[in-house]
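Here's a quick briefing to read with the model open beside you. Grab a viewer and follow along.

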Amino acid sequence: MKIVVCVKEVGLLGDEVEFEGNRVDPDFLDRALNEWDAYAIEAALQLREAVGGEVVAVTVGDEDTEGVLRRALAMGADRAARIEGELDFDALAPARALAPVVAEEAPDLVICGAQSSDAANAATPAALAALLDAPCVAVVRSLTVAGGHLVAHRELEGGVVDVVEVDLPAVISVQTGANTPRYAALRAIRQAEEIDIPTHALAEHDPPTRVIALRLPGHAGTTILLEGDSAEIARQIAALVKERVG
Amino acid sequence: MRVLVVAEHRAGELRPVTLEAIGAGTQLGEVDVLVVGPDALAQAVNVQGVSEIVAVAAGTEFDPDLLRRVVSEVAEERSIDVVLLGNTVDAMSYAAAVAIDGGRGFVSDVFALKPGLVATRSVYAGKVDAEVAIDGHAVVLIRPGAFEPATGAGSATLTSRIETRAARVRHLETIQPDDGGLDLAQQRFLLAIGRGIGEESNVELFTELANSMGATLASSRPLVDSGWMPSSRLVGQSGATVKPAVYLAFGISGAIQHLAGMKASETIIAVNHDPEASIFNLAHFGAVADIFDVAEELAKLY
């Protein structure tokens with residue numbers, strides 16, 4: 001079974017931020033593998049260990065984003081590929097960039113994280129599935145493959161789980177908590193540094209959406225600080241609860 | 001501007017976010033509603049402001065391929081400008097595919113909309129709000145709880161369509177959570193715990209505190225991922241959207257996925273040892289303190 005895992009380097013914002021026009025000043029961002037994507041890589045590796053095959057990690061970004069691919073390789077991915085270029089903000093741009101490269105790989109299964117922490121569009125899985133003309137199952141907590149089908153547990157709101165059987169090839173997205181992403185051994189990390197990662201050109205698209213303003217979220221109101229020692233704080237909380245709940 | 005709201009249901013019961021989408025849609029233009037599911041659903045969406053209801057008879061099972069095809073076809077036939085639906089787990093399986101099919105822009109988790117079309121959403125884990133302008137036609141997913149629901153009896157015309165199921169995704173079974181029937185959205189007093197509780201063994205302490213205070217225990221994402229709390233207790237994205245009289249949070253830092261699900265609470269009280277925790281941006285009352293000390297003192301009062 002050939003599995004493509006789509007991974008993304010995200011920008012993590014600390015407590016301070018400055019804007020450069022309609023984007024966040026990159027100096028205020030720490031770069032990291034998207035939290036959901038670590039679970040996607042682990043899900044792919046576990047499937048390969050169960051049924052055999054190959055795991056290929058793919059990302060879109062400039063050379064500095066190769067770290068996320070090397071992390072996937074160190075965890076156990078067989079190969080990696082990078083689509084060269086910087087994406088604009090548009091929610092469908094990642095799927096449009098990934099589609100030709102993923103199609104060329106002709107995988108049995110594509111696994112993505114359910115969303116990214118920075119852009120948080122949760123658009124790539126369904127959009128990529130549409131471009132590949134494959135079925136999509138989003139927000140999966142567990143998956144198995146048997147008899148040419150995938151059985152996936154979709155995690156719905158309120159703790160309800162929907163179990164579905166899906167024809168392959170398919171695109172799925174995994175939720176955090178779906179597994180426990182493995183740590184890469186130091187030796188594997190060093191080996192991954194040596195691997196040559198092929199690149200592909202990014203196809204240009206006119207984005208139908210654009211960011212016209214960024215701002216800090218409005219404060220919902222003033223927070224009244226409950227002061228004093230723990231006993232005093234507890235007394236104030238109890239009074240608030242009595243007054244407002246009854 | 002022509003708007004198509006796609007109704008969402010769970011086992012045949014209309015989900016509240018659909019009425020919120022209709023409410024948001026009527027601020028933009030003429031609203032048609034597409035219902036794919038049991039016949040009775042068409043009546044549930046016949047509320048004030050809806051011009052026409054397009055009903056496709058189907059079972060209660062969610063079929064992402066069928067929805068993708070029907071929504072794309074209906075939006076195309078009716079020259080729909082904006083396809084509007086809830087930002088839900090179901091929508092995540094097909095809404096972006098509708099955008100690809102129709103060459104539409106896609107914007108998700110939107111909490112404010114202006115005609116034009118400009119959508120506001122959260123980025124960078126809720127630390128920044130972005131205004132997104134959409135050129136041309138669009139698919140917009142709204143955040144549950146962010147828009148006023150449409151109400152009042154409507155007088156929409158009803159059109160039926162026949163569609164056959166796609167067959168690539170087949171429903172096998174639905175598993176209800178262990179404490180199924182618990183509806184966090186209906187509770188007046190929630191005591192919510194997060195990563196700050198440190199260890200699994202501390203869940204019991206807060207369970208007892210919630211019981212003695214008369215509160216229902218709720219949770220943020222990390223404890224559900226760790227398996228310490230069942231997902232039926234999850235507040236936030238892919239969990240419950242709640243508006244209790246009091247939301248008392250212990251050790252919750254305030255990831256955007258969590259805040260989106262509880263920000264509409266009437267009173268938010270947050271206890272956290274970290275004064276920089278994002279939840280203090282939202283809390284009406286906040287205490288920077290050791291959560292275990294405060295919990296212990298609270299327990300003495302009940």
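What follows is a short tour by topic, from the chain contact down to single residues.

This is a predicted model, so keep the cut-offs in mind: local features need pLDDT of at least 70, side-chain atom pairs count only at pLDDT 80 or more, and totals for chains, interfaces and linings use all residues. Residues are numbered from 1 along each chain as its sequence is written, while chains are lettered from A and ligands numbered from 1 in the order in which they are written.

**Where the chains meet**

- The contact between the chains draws 69 residues from chain A and 82 residues from chain B; two residues are in contact if their C-beta atoms, placed from the backbone, lie within 7 Å.
- On the chain A side, the elements that each supply at least two residues include helix H4 (124-132), strand E9 (136-146), strand E10 (149-155) and helix H6 (230-245). Helices (H or I, at least four residues) and strands (E, at least two) are DSSP runs, numbered from the N terminus.
- H6(A) gives the most to that side, with 11 residues.
- By class, the chain A side divides into 44 nonpolar, 13 polar and 12 charged residues. Here Ala, Val, Leu, Ile, Met, Phe, Trp, Tyr, Cys and Pro count as nonpolar, Asp, Glu, Lys and Arg as charged, and the others, Gly among them, as polar.
- Strands pair if DSSP finds at least two bridges between them.
- In that pairing, Ile224(A) sits opposite Phe285(B).

**The core**

- The largest nonpolar core has 191 residues, and those with the most contacts inside it are Val5(A), Ala57(A), Ala126(A) and Ala127(A). A nonpolar core is a set of buried Ala, Val, Leu, Ile, Met, Phe, Trp, Tyr and Cys residues joined through C-beta atoms within 7 Å.
- "Buried" calls for 20 or more other C-beta atoms within 10 Å of a residue's own, "exposed" for 12 or fewer, and "partly exposed" falls in between, with C-beta atoms placed from the backbone.
- Helix H1 (residues 35-51) of chain A gives the most to this core, with 9 residues.
- Leaving aside neighbours within four places in sequence, Ala57(A) is in contact with Val5(A), Val7(A), Ile41(A), Leu69(A), Ala72(A), Leu73(A), Ala77(A) and Ala80(A).

**Helix H2 of chain A**

- Helix H2 (residues 66-75) of chain A is mostly covered, with 9 of its 10 residues buried.
- The buried set in H2(A) includes Leu69(A), Ala72(A) and Leu73(A), but also Glu66(A), Arg70(A) and Arg71(A).
- Just after H2(A), Gly76(A) takes a positive phi of about 140 degrees.

**Two domains in chain B**

- Chain B is assigned domain 1 (2-161) and domain 2 (184-300), with bounds from an automatic or database domain assignment.
- The C-alpha centres of the two domains lie 31 Å apart.
- Between them, 7 residues of domain 1 are in contact with 9 residues of domain 2.
- The domain 1 side of that contact has 3 nonpolar, 3 polar and 1 charged residues.

**Strands of chain B**

- Strand E1 (residues 2-6) has 4 of its 5 residues buried.
- E1(B) pairs in parallel with strand E4 (residues 30-37) over 5 bridges, where Val3(B) stands opposite Val31(B).
- E1(B) also pairs in parallel with strand E6 (residues 82-86) over 3 bridges, with Val5(B) opposite Leu84(B).
- In strand E15 (residues 246-250) of chain B, 5 of its 5 residues are buried.
- Val246(B), Leu248(B) and Phe250(B) point one way from E15(B), and Tyr247(B) and Ala249(B) the other.
- E15(B) runs parallel to strand E13 (residues 189-193), joined by 5 bridges, and Leu191(B) partners Leu248(B).

**One residue up close**

- Ala42(B) lies in helix H2 (residues 41-44) of chain B.
- Ala42(B) counts as buried because it has 21 C-beta neighbours inside 10 Å.
- Leaving aside neighbours within four places in sequence, Ala42(B) is in contact with Val35(B), Ile53(B), Ala55(B) and Leu158(B).
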